[in-house]
Amino acid sequence: MRATLIIGSQWGDEGKGKVIDFLSAKADYVVRFHGGNNAGHTVINKYGTFPLHLVPSGIFSKATACITNGTVLDLEVLTQEIAMLEKAGIKLKNRLFISPRCHIIMPYHKILDGLYEKAKGNGKTGTTGRGIGPVYADKVSYNGIRLFDLMDKKQFAEKLTAQLSIKNKIITALSDNEKLFPYKNHPRVKNKIMATISHQPLDQKEIEDALFGIFEKIKPFIKEPHPTLLQAAKQNKPILFEGAQGVFLDNDWGTYPFVTASTVLTGGINQGASIPANGISEVLGVVKAYTTRVGEGPFPTELFDKDGEELRKEGAEFGTTTGRPRRCGWFDAELVKFACELNGFTSMTITKLDVLDTFKTIKICIGYTYRDKPVRYYDGDAVFLSKVKPVYKTVSGWQKSTRGITKFEKLPINAQRYIKELEKLVGVKTSLISTGPEREAIIVR
């Protein structure tokens with residue numbers, strides 16, 4: 001089986017979209033297998049610039065794109081992406097398959113997401129507010145609604161009635177003060193149903209009318225991908241799996257509770273796409289040449305000085321999904337080394353090397369100490385990680401442009417040394433180096 005997994009190795013936003021877009025040229029299938037529209041991949045190619053949240057980033061190649069059962073769907077976002085791609089001339093008919101087992105993000109999931117965050121006060125998790133946590137909670141507590149259910153209006157109505165009898169009580173209880181829900185007037189919330197936050201109960205007919213109207217637009221693409229992917233695997237066809245978030249947002253091994261609701265790791269492919277994890281031949285860990293994070297949670301190498309501001313400015317570090325400014329810091333080799341151990345990386349891709357072009361000196365975190373003793377990432381929880389001190393190694397910058405370079409030997413010598421130092425610290429070789437946002441700005445080693 002010629003299957004490659006592209007997995008983010010920090011806290012997301014590593015540049016997976018570009019890497020997937022580049023590698024998909026040689027793939028027959030590209031697969032999105034977990035997460036929802038809380039993830040965002042920006043792809044820049046000859047067709048234009050595309051912020052994608054659900055449709056696989058490899059859709060621009062000849063490959064067949066699959067959204068498998070582990071993914072949760074905001075149907076409004078999905079239809080918007082389909083319309084955007086078709087407008088750009090991308091053919092989707094018989095090229096986009098969506099599993100009917102995908103769970104649906106309902107209006108009440110978004111409302112509850114906001115209410116739960118507000119109720120936590122200063123202890124908020126920093127979610128995207130898109131209902132991801134609540135829909136996964138419903139999935140594992142047998143309260144979920146899937147695409148399968150929309151195929152039978154009677155079945156859907158019965159399930160929705162049961163859920164509204166539960167959810168409306170919770171919403172009413174938590175919505176005594178309308179200010180609890182911060183997304184009512186958010187400029188990105190356009191759909192009337194999705195913006196409903198009143199403590200008045202949600203109306204079943206209104207939800208049904210809205211969802212069935214949207215459902216008709218995606219109905220032609222609903223087809224279980226399992227037999228297609230199984231046959232492709234037997235025929236040894238190249239399959240590319242798209243990781244949606246970074247390793248340290250994994251629900252178990254990330255900085256809990258500042259994580260996502262799904263399994264991000266290599267083994268998640270079995271649960272989320274019905275493909276055995278031992279069938280993965282390559283695991284490509286994508287890392288930035290520095291580190292960023294959006295939202296709450298520990299960040300040992302975070303910078304609060306002019307270096308951090310320069311990284312944010314030069315790297316245009318604002319979230320594809322949320323638009324929020326990203327927190328920036330130096331490369332954390334301890335973090336990425338553990339991601340490598342956890343997922344079995346066969347190689348590493350380093351992105352945004354060109355963002356470091358202006359720095360005279362660059363720091364690399366080579367480990368942590370806690371109360372003056374060396375510790376590893378896995379020695380504690382999020383509270384522990386918020387107290388560790390990074391141990392830095394300082395290296396010389398190159399202060400020359402690397403933008404658009406496509407040959408390793410053409411890089412400034414200090415840039416080459418920086419790459420080799422990261423390889424040494426993480427314990428895996430680098431197969432790709434991105435030197436700009438364009439598809440062509442990449443070094444293949």
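Author: In this predicted model, rings of Phe, Tyr and Trp count as a pair if their centres lie within 6.5 Å. Ring pairs of this kind link Trp11, Phe248, Trp253, Phe299, Phe338, Tyr377 and Tyr378 into a cluster.

Reader: What makes phenylalanine 248 and phenylalanine 338 an aromatic pair, and which kind of pair is it?

Author: The centres are 6.3 Å apart, and the limit is 6.5 Å, so the two rings pair. The planes are 40° apart; stacked needs under 30 degrees and edge-to-face over 60, so this pair is tilted. Phenylalanine 248 is in the loop between β9 and α10 (268-273), phenylalanine 338 in helix α12 (residues 333-343), so the pair ties together parts 90 residues apart in sequence. Both phenylalanine 248 and phenylalanine 338 are buried.

Reader: Which kind of pair do tyrosine 47 and phenylalanine 60 form, and how do you know?

Author: A search of the whole structure finds 14 aromatic pairs. Tyrosine 47 and phenylalanine 60 form a pair with 6.0 Å from centre to centre and 25° between the planes. That angle is under 30 degrees, so the pair counts as stacked. Tyrosine 47 is in the loop between β3 (41-45) and β4 (48-52), and phenylalanine 60 in the loop between β4 and β5, 13 residues apart.

Reader: Are tyrosine 47 and phenylalanine 60 buried or exposed?

Author: Tyrosine 47 has a relative accessible area of 35%, which falls between the limits of 20% and 50%, so tyrosine 47 is partly exposed. Phenylalanine 60, at 8%, is under 20% and therefore buried.

Reader: Why is the contact of arginine 439 with aspartate 21 called a salt bridge?

Author: The closest N and O atoms are 2.8 Å apart, and the rule asks for a side-chain nitrogen of Lys or Arg within 4 Å of a carboxyl oxygen of Asp or Glu, so the pair qualifies. Arginine 439 lies in the loop between β18 (430-434) and β19 (442-444), aspartate 21 in helix α1 (residues 16-23), so parts 418 residues apart in sequence are tied together. Aspartate 21 is buried at 2% relative accessible area, while arginine 439 is partly exposed at 24%. By this rule the count comes to 20 salt bridges.

Reader: How do you know that glutamate 438 and arginine 403 form a salt bridge?

Author: Their N to O distance is 3.5 Å, which is within 4 Å, so the pair meets the rule. Glutamate 438 and arginine 403 are partly exposed, with relative accessible areas of 33% and 46%.

Reader: Which residues are linked in a network of salt bridges?

Author: The network consists of Asp13, Lys288, Glu317, Arg326 and Lys352. Within it, lysine 288 and glutamate 317 meet at 2.9 Å, N to O. Lysine 288 is in strand β10 (residues 280-288), and glutamate 317 in the loop between α11 (306-315) and β12 (327-329), 29 residues apart. Both lysine 288 and glutamate 317 are buried.

Reader: What makes β7 and β19 edge strands?

Author: The open sheet has nine strands in the order β7-β5-β2-β9-β1-β10-β14-β18-β19, with mixed pairing. β7 (96-98) and β19 each pair on one side only. Further inside that order, β1 (residues 3-8) and β10 pair in the parallel sense over six bridges; two strands pair from at least two bridges, so these qualify.

Reader: How do you know that arginine 445 lies over the face of phenylalanine 408?

Author: Arginine 445 is at 4.0 Å from the ring centre, within the 6 Å limit.

Methods. Residues numbered from 1 in each chain as written. Predicted model: local features only at pLDDT ≥ 70, side-chain atom pairs only at ≥ 80, totals over all residues. Heavy atoms only, no water. Helix = DSSP H or I, 4+ residues; strand = E, 2+ residues; numbered from the N terminus. Buried < 20%, exposed > 50% of the residue type's maximum accessible area, 1.4 Å probe, protein only. Lys NZ or Arg CZ within 6 Å of the ring centre and 35° of its normal.
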